Amino acid sequence: MTDVIETKRSKKLAKGPFGAVGHALNELDDRLGTAKGGRTFLDKIFPDHWSFMLGEIALYSFVILLVTGIFLALYYIPSTAIVTYRGTYLPLYGQKVTEAYASSVNLSFAVRGGLLMRQMHHWACDIFVGAIVVHMARVFFTGAFRKPRELNWTIGTTLLTLAIVNGFLGYSLPDDLVSGTGIRIAYSIILSIPVVGSYIGFWVFGGNFPGTMVIPRFFVLHEFLVPLLILGLVGAHLALLVRQKHTQFPGPGKTEENVVGTPMFPVFMAKTTGFLLVVGGVTALLGAFAQINPIWQFGQYHAANISYAVQPDWYMGFLDGALRIWPSWTFHSFGHTIVFNILVPSVILPGIVFGIAYAWPAVERKLTGDNEIHHLLDRPSDRAFRTSAGVALLSFLMMLFIASSTDVIANFFHISLDTVLWTMRILVVVVPLIAFPFTYKICKEMQNFKGAGKRKTTNVVSRTSEGEYVSTASPRYVDDIPAHLAPIPVPRFINDVEAPEEDADGSGTRVVER
Amino acid sequence: MSSGIENHTPVSLRGLSADDPHLQPAARNPERVEKVIVFNFVLGTLFGFLFIVAYIQNWQPWILGGAMAGCLTLLGIGLIAWGKYLMPRGPFVEDRHEFRNSDEDRSAFAAAIVQRGGGLVKRRKLLTGLFAGGMGVFSLGAVFPLLRSLGPLPKGTLFHTDWRKDSYAVDITGRRVLVGDLAVGSIVTVFPEGQQDTENGQAVDQTVLIRVSNQDFTTMKGRETWGPQGLLAYSKLCTHLGCPVGLYEQQLQLLVCPCHQSMFNVNNGAVPQFGPAPRPLPQLPIYIDADGYVRAQSDYREPVGPGFWERA
Amino acid sequence: MMIRSLLKRSVLLSILGVVSAGPLVLFSQGADAAKQPYQTQRANSGTPNSDVVVKNANGVVTSYGNSSIMYNAPSPSLINLGRALYMQNCASCHGTEANGVPAGGSSGAYPALVGLGPATINFWVSSGRMPAADPRQVQAMRQKPRLSDSQSLAIAAWVNSLAPSYPYIPTPNLATASVKNGAELFALNCAACHTIEGMGDALASNTYAPSLHNIPAYQVAEAIRIGPGNMPRFTGNLSDAQADDIVKFVTTYISHPQNPGGLGLGGLGPVAEGFIGLALGVGVLAIFGFWVGEREE
């Protein structure tokens with residue numbers, strides 16, 4: 001038996017041509033069978049149109065929310081027990097405040113990096129919901145929600161709802177004057193629900209408003225239950241995306257049966273990781289230079305205090321706007337009250353809006369009779385009805401958002417508050433009604449105009465010896481222009497004309513590139 | 001030069017030769033791009049160091065955040081540029097596969113559920129029925145601790161405040177309010193004595209006391225004694241959504257709610273004349289005792305705050 | 001004979017009694033003025049905790065107050081100057097006897113100024129609201145003052161000489177004030193109109209709660225005591241110490257807010273934050289996305 005001498009080189013050879021990494025992957029494959037699936041995964045092709053990056057903005061701002069949120073959770077105390085503030089902010093020094101408020105202020109002033117983390121967390125939330133809305137609009141207008149992706153659309157709409165809810169819960173945690181007012185309004189909305197309203201209100205709040213339980217309960221929901229749901233749904237959302245592969249716009253070489261783009265590894269991973277860093281960087285930029293939610297200026301929430309110019313965070317604005325402009329209609333008889341002036345704007349309206357969102361894939365299937373599988377996207381102008389309906393709904397929501405800042409508008413433009421309110425009441429109805437036919441007309445005109453909105457392509461204009469000008473489309477990529485079409489330099493002297501080097505058809509044509 | 005079209009037709013990743021143009025960097029001048037990316041990475045790293053120094057030295061949050069922003073953004077831009085310009089330019093193509101399985105597989109799957117499972121249910125109707133019933137009862141029961149233990153039943157809580165006959169009106173510091181404290185056009189937030197320190201007391205009992213005149217003032221029929229020497233007491237809880245109606249415009253004689261701009265006319269019983277509030281603010285019957293203190297005649301004659309189902 | 005002298009004495013005594021009791025009457029509830037649109041009510045004085053009351057030789061109170069705020073009457077030597085300035089700048093709207101002018105045009109009455117107290121006149125003039133830039137505006141807005149502080153005092157002195165009244169010009173002592181109390185009182189009493197950050201906002205029917213930034217301390221105190229325009233007046237329900245605390249809070253933390261988080265974004269709260277978050281946050285990132293991805297073929 002020969003002794004096998006273990007040399008460095010022989011060990012290296014034993015590992016195979018891919019070195020230690022290959023060896024480790026082999027070990028993994030022995031146990032989990034990852035080699036085939038792994039390669040398929042790494043070879044996955046991602047179409048990389050820029051509008052597909054919008055969902056990534058949402059995903060990565062959620063990652064930032066998780067990371068900054070863990071930091072905040074280590075300092076925040078979800079308790080309404082009364083303590084005396086003894087920190088560095090003088091107007092609060094000596095005030096009796098809740099532990100939730102005191103810990104949030106201490107986080108802002110006494111914890112190193114605390115204010116930065118708090119602000120990044122809050123900005124990331126605003127960006128998160130904004131990115132979801134923009135991403136959802138892209139999916140809607142390009143028809144990416146159609147078969148087989150209806151389930152993903154449903155998951156996405158649910159994610160939007162959860163993101164909005166979690167945002168509301170989160171900014172209510174510091175128990176400051178502004179967010180506490182929002183909680184009071186939420187309590188009244190719950191009370192307005194017929195039959196069971198007061199019961200649900202008392203159960204959620206552990207008694208009459210404000211009670212001592214709502215902050216700890218909001219903390220559990222915001223910290224634990226809702227992020228868990230969001231994480232799970234995001235996972236499902238991405239898994240479906242991987243399984244069904246991403247959609248793509250029609251173009252050269254792109255069909256319903258293939259995907260054209262860049263491979264997962266290394267191109268997509270590099271670009272997407274870079275984008276994660278950029279999302280983090282932009283959030284850090286906002287968190288560093290733009291102050292958000294300065295709770296120390298608002299003071300502790302007390303039920304008898306109120307500030308003017310209080311709006312909820314932007315994504316709740318459509319509810320606040322609806323509440324401001326809806327008329328004061330209630331119905332009471334038979335010893336009961338149905339509080340329509342709260343129910344309609346804050347319960348029924350969002351129910352209808354989100355209901356339309358959830359139902360749209362089925363509605364469109366019914367209306368168009370289209371049950372085919374679609375992997376190629378529509379140009380929005382090709383689907384005039386869908387695009388117009390979407391624009392009308394978005395303009396309706398935008399009017400509600402604007403209605404939420406009636407007092408700021410009145411102050412800024414020096415108009416009477418009453419005028420602004422009546423104007424918003426009218427605009428909220430009129431603008432969507434105008435937007436629909438307007439958009440429809442634009443779409444129809446774009447459909448009839450070939451090449452509208454498309455990139456201009458290069459044309460090569462050739463002049464025949466008879467003096468006729470002929471224009472042909474040139475290849476897109478400049479360095480790929482065939483040599484005989486390459487431009488020749490202008491002669492310095494008229495008599496110095498040289499014939500072109502290659503004159504493929506011998507016709508002596510001169511070429512001018514436009 | 002080779003023909004351009006073929007270089008830009010999508011190819012599959014597998015089986016490419018090493019000098020295939022699809023594997024070339026996308027940039028026309030990779031060396032220059034690499035220099036730019038190097039610059040980005042180096043500058044980003046320097047920002048990273050700045051972040052560490054700023055943290056140790058406890059500099060302002062904007063320096064800390066700006067350093068983090070610079071570090072992350074520059075590293076990110078460099079990485080994106082690497083992926084976009086220096087990595088294989090593609091485009092690559094991959095086939096989709098139909099998700100749908102064969103008709104036999106579909107039938108077998110449906111058969112497994114419908115026939116095997118359905119048959120089970122049909123044969124043992126009693127068992128399945130009883131089991132379903134039992135699980136139903138349990139599910140119903142499970143709801144009780146989940147919901148009911150969360151808080152008490154509302155019962156009559158929403159119908160009363162803590163104002164009683166002869167309650168002293170005190171301000172937030174607990175000082176009893178004298179009639180002489182208020183001039184015409186003054187406003188003060190009051191609570192029944194003892195409730196000003198509790199959050200629940202504040203939430204329900206908060207009342208604004210305003211003075212519209214020096215003579216007794218009647219807001220509406222039946223309330224002749226409720227405005228002694230021009231003092232009027234209204235519930236501060238807006239009847240729209242419960243925000244405190246602290247905004248008093250003494251010349252326009254309006255109480256405006258800051259949340260959604262409901263406006264209540266102070267002179268005729270706080271009837272809403274603009275905005276989304278549906279009902280007037282309840283008025284508290286008050287009187288002035290022999291020492292000049294403002295006291296309540298009784299509790300509010302109707303529930304305060306926003307509407308709810310049980311409110312008549 | 002005896003009866004006539006007795007009568008004379010009793011009449012004289014009663015006149016004396018009325019004249020000396022006058023200031024005392026004014027210390028208690030103010031007179032009721034008829035409610036007219038935009039008519040300022042008679043100011044009620046009544047500072048319940050005046051430890052110090054200084055009277056001059058004729059028994060007229062020249063200053064009162066305590067260690068938190070001292071209220072001083074404008075010097076009588078300014079009366080002649082005040083009369084001249086008033087006739088030049090104010091009489092055309094408020095009348096040569098400061099009695100006001102009934103409804104002129106569409107803006108309602110120009111209010112009577114008699115009996116409103118020197119602090120009222122001084123507040124309106126020294127904050128630049130008067131002389132009114134546009135008399136037809138519903139609410140006179142704060143401007144760069146056209147008359148200097150001493151001219152404003154002079155006018156106040158003359159108007160007050162017509163019918164002496166309260167409150168006098170306050171001088172708050174900020175050294176003894178507490179910003180913590182000021183913050184708490186501000187949140188309860190002031191934030192509902194002026195916003196918790198003191199930015200001001202639009203109220204009903206073209207009226208406004210102005211911004212509280214960069215206002216001199218005495219003007220804040222005057223506004224609290226007199227209740228200018230639609231602002232309620234805080235007389236007996238806020239002690240001088242409490243008013244002093246609010247003044248200190250407003251002139252420090254409201255005028256110069258601590259913004260360690262970066263730019264204050266105008267103190268507008270979530271409205272501004274939403275704009276920035278969407279335009280700068282999502283917008284910039286979408287532009288980055290435009291670079292990261294490809295364009296359509």
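Biologist: How many residues of chain B are in contact with chain C?
Modeller: In chain B, 32 residues are in contact with 28 residues of chain C (C-beta atoms, placed from the backbone, within 7 Å). This is a predicted model, in which local features need pLDDT of at least 70 and side-chain atom pairs count only at pLDDT 80 or more, while totals for chains, interfaces and linings use all residues. Residues are numbered from 1 along each chain as its sequence is written, chains are lettered from A and ligands numbered from 1 in the order in which they are written.

Biologist: What about chains A and B: how many residues does the contact take from each?
Modeller: The contact takes 87 residues from chain A and 76 residues from chain B. H11(A) gives the most to the side of chain A that touches chain B, with 17 residues. That side of chain A comprises 45 nonpolar, 30 polar and 12 charged residues.

Biologist: Where does H11 of chain A lie?
Modeller: Helix H11, residues 264–289, lies across S1 and S4 of chain A.

Biologist: In what order do the strands of that sheet come?
Modeller: The open sheet has three strands, in the order S1(A)-S4(A)-S1(B), with antiparallel pairing (two strands pair if DSSP finds at least two bridges between them). S1 (45–46) of chain A and S1 (92–95) of chain B stand at the edges with a single partner strand each, so one side of each has no neighbour in the sheet.

Biologist: How many bridges join S1(A) to S4(A)?
Modeller: Two bridges join S1(A) to S4(A), residues 258–263, and Phe46(A) stands opposite Thr262(A) there.

Biologist: And how many bridges are there between S4(A) and S1(B)?
Modeller: S4(A) pairs with S1(B) over four bridges, in the antiparallel sense. Asn258(A) has Asp95(B) as its bridge partner in S1(B).

Note on methods. Two residues are in contact if their C-beta atoms, placed from the backbone, lie within 7 Å. Axes are lines fitted to C-alpha atoms, for helices over the stretch in contact, and angles run from 0 to 180 degrees between N-to-C directions. Ala, Val, Leu, Ile, Met, Phe, Trp, Tyr, Cys and Pro count as nonpolar, Asp, Glu, Lys and Arg as charged, and the others, Gly among them, as polar.
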